Amino acid sequence: MKKLVLLFFIILPVFGISSNKKSKQQWYKGNTHCHSTISDGDSAPFKVVKAYHDHGYNFLLLTDHNFLVDIDTIQKPQNLRDDFLMIPGEEVTDKKSVHTTAFNISKYVPFYNDQNKATNHQERIKEIRAALKAPSNLSKTDLLQIHVDGIIEAGGIPFLNHPNFSEGLQVSDILPVTNLHHIELYNGHPGVANWGKEGHISVEAKWDELLSNGAKIYGVAADDMHDLNTGVPKDAGLFRGWTMVKSNSLTPEAIHESITSGNFYSTNSVTLKTCTINAKKCKIKVDKATTQTEISKSFGVPRIDKTGEIGYTIEFIGNNGTVLSKTNDTKASYTPKNGDKYVRARITYCTKTDKGFEKLFAWTQPVFIN
Ligand SMILES: [Zn+2]
Ligand SMILES: [Zn+2]
């Protein structure tokens with residue numbers, strides 16, 4: 001997120017720092033977006049990896065700006081768990097605040113007009129800075145399409161990151177892009193205006209607009225961690241947003257497949273026991289114990305509103321963000337109807353403090369009803 005943009009060009013696309021674990025379908029917790037001192041994070045890659053490993057994450061992508069870190073060169077945490085996996089990643093970082101997560105790539109993905117001629121790191125930094133400062137006639141749509149095409153060519157999945165950061169991207173910038181099926185719905189960086197700002201509706205409202213216009217797009221939550229050493233709310237701290245991926249096994253291929261097919265939900269603290277969203281039936285059950293454990297750690301940054309309903313609320317949401325069904329309970333179900341274009345669920349946990357109504361969420365992926 002910071003202006004400093006570093007990169008390098010060594011590409012060693014080897015998967016994983018740990019072994020695989022095969023089992024029945026289960027949930028795996030992962031962060032798809034964070035930074036180290038390779039670009040503009042405050043900590044070395046091994047410290048970042050250790051933090052997520054020690055906090056019980058199952059998979060992690062280190063996504064330095066325009067830099068693909070060779071994950072096999074990162075020092076492993078002590079007592080490395082066999083249910084922890086590194087997946088290769090990069091944040092393709094371009095002009096006009098177009099940033100794109102490259103999930104599970106096999107090679108470095110260049111930004112637009114990336115010359116990549118420098119022969120050492122410092123030169124490369126200068127080269128990148130100069131390239132990103134140069135004027136460009138390309139639209140945000142064009143830049144994003146270049147990222148998407150490059151990431152797919154590298155075998156990865158593109159996620160449009162933080163569309164409300166800086167000048168941001170409007171729905172009209174995103175809709176024309178082809179082969180983009182993931183957007184960062186929640187990003188833990190304090191500068192990204194998840195809930196909206198002047199000239200930008202909330203990212204969740206943009207997501208509904210995209211879905212209502214026929215886009216097949218899933219919503220991801222991620223940390224965008226830069227500041228391992230502080231973690232105070234004004235910094236880009238740890239453990240604020242993550243995905244829970246349902247998969248048969250913890251391998252890059254299996255997680256890749258589940259992310260591709262929308263077999264995951266996103267959260268900034270609320271966790272689920274049941275998350276069934278299909279064209280016949282949508283069923284949600286909150287995991288109250290795990291949610292309370294997450295909340296007690298105080299990493300989640302709530303949305304603060306002037307109004308709210310204290311406790312849990314489960315909403316099933318459809319075309320244009322319409323609430324199709326709502327209950328103040330920890331379990332709910334909804335049967336999709338013919339007229340429903342898509343159905344997704346949002347689960348809110350709300351408390352009242354002197355700041356207002358503080359809300360934490362889980363968001364399921366939509367099912368598309370034809
Ligand atoms: Zn970014
Ligand atoms: Zn980032």
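**Notebook: strands around E18**

I started at strand E10 (residues 264-267), which pairs with strand E18 (residues 356-364) in the antiparallel sense over three bridges. I count two strands as paired if DSSP finds at least two bridges between them. Strands are DSSP runs of E with at least two residues, helices are runs of H or I with at least four, and both are numbered from the N terminus. In this pair I found serine 266 opposite tryptophan 363 of E18.

A note on the source: this is a predicted model, where local features need pLDDT of at least 70 and side-chain atom pairs count only at pLDDT 80 or more, while totals for chains, interfaces and linings use all residues. Residues are numbered from 1 along each chain as its sequence is written, and chains are lettered from A and ligands numbered from 1 in the order in which they are written.

**Other partners of E18**

Next I looked up strand E13 (residues 303-305). E13 and E18 pair in the antiparallel sense, over three bridges. Arginine 303 faces lysine 359 of E18 as its opposite residue.

Then I turned to strand E17 (residues 342-353). Eight bridges tie E17 to E18, and the two run antiparallel. Threonine 351 stands opposite glutamate 358 in E18. How many residues lie between E17 and E18 in their hairpin? I found two.

**A three-strand sheet**

I moved on to an open sheet of three strands. Its order is E11-E12-E16, and its pairing is antiparallel.

E11 and strand E12 (residues 282-286) run antiparallel, joined by five bridges. Here I noted cysteine 275 opposite isoleucine 284 in E12.

**The whole protein**

Last, I took the overall view. I listed seven helices and 19 strands. The radius of gyration, taken over C-alpha atoms, is 20 Å, close to the 21 Å that the globule rule gives for 370 residues, so the protein is as compact as a globular protein of that length. That rule is 2.2 Å times the number of residues to the power 0.38. The C-alpha trace spans about 60 × 50 × 45 Å along its principal axes.
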